[in-house]
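Dear colleague,

Please find below the structure that I am handing over to you. My notes on what was found in it follow directly after.

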Amino acid sequence: QTFNVTLNVTQERDGITETIDVKLPVPYSIDGVIINLPACLAGLPEEAYLTEFVPIPDTTEEEEELLPSEEEFIGDI
């Protein structure tokens, strides 16, 4: 599987726009992929720009009780 995207890159405001076609192989071993496009465009190795998305687990009611309430949180500001 491959990720294909066309980027219009402008280095500075109102500067010249460069069109870049990016084609990256996406490993089948990763379920959710995070691609750091600036690192990829900088020519860094795959380990630097490709990581697996790992969602945080749902909190249980017991864990939610440990979190500060909105009033407690705002009171700390």
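What percentage of the 77 residues in the chain do buried residues make up? Buried residues make up 13% of them; here buried means under 20% relative accessible area, exposed means over 50%, and partly exposed lies in between (1.4 Å probe, protein chains only).

Please keep in mind that this is a predicted model, in which local features need pLDDT of at least 70 and side-chain atom pairs count only at pLDDT 80 or more, while totals for chains, interfaces and linings use all residues. Residues are numbered from 1 along each chain as its sequence is written, and side-chain values use heavy atoms, with hydrogens and water left out.

Overall layout

The chain contains four helices and four strands. Read from the N terminus, their order is β-β-β-α-α-β-α-α. Both kinds of element are DSSP runs numbered from the N terminus: helices are H or I with at least four residues, and strands are E with at least two. The accessible surface of the chain is about 6900 Å², and 52% of this belongs to carbon and sulfur atoms; the areas come from the Shrake-Rupley method with a 1.4 Å probe, and for residues only the protein chains shown count as cover. Among contacts with a separation of 6 or more, 14% are between residues 24 or more positions apart, where contact means heavy atoms within 4.5 Å.

Strands β1 and β2 pair in the antiparallel sense over nine bridges; two strands pair if DSSP finds at least two bridges between them. Within this pairing, V9 has E18 in β2 as its bridge partner, and N8 stands opposite T19 in β2. Leaving aside neighbours within four places in sequence, V9 is in contact with I16, T17, E18 and I20.

D14 lies in the loop between β1 and β2 and is exposed, with a relative accessible area of 77%. Although D14 is not a glycine, its phi is positive, at about 60°. Most residues other than glycine have a negative phi.

The nonpolar core

Which residues form the largest nonpolar core? This core has eight residues, namely L7, V9, V22, L24, A39, C40, Y49 and L50. A nonpolar core is a set of buried Ala, Val, Leu, Ile, Met, Phe, Trp, Tyr and Cys residues joined through side-chain atoms within 4.5 Å. The elements that give two or more residues to this core are β1 (2-10), β2 (17-25) and α1 (37-41).

Two further residues

F3 is found in strand β1 and is partly exposed, with a relative accessible area of 30%. Not counting residues up to four places away in sequence, F3 touches V22, K23, L24, V26 and I35. F3 and V22 are 19 residues apart in sequence, yet their C-alpha atoms are 7.8 Å apart in space.

A48 belongs to helix α2 (residues 46-49) and counts as partly exposed, at 38% relative accessibility. A48 and N36 are 12 residues apart in sequence and 7.9 Å apart in space, C-alpha to C-alpha.
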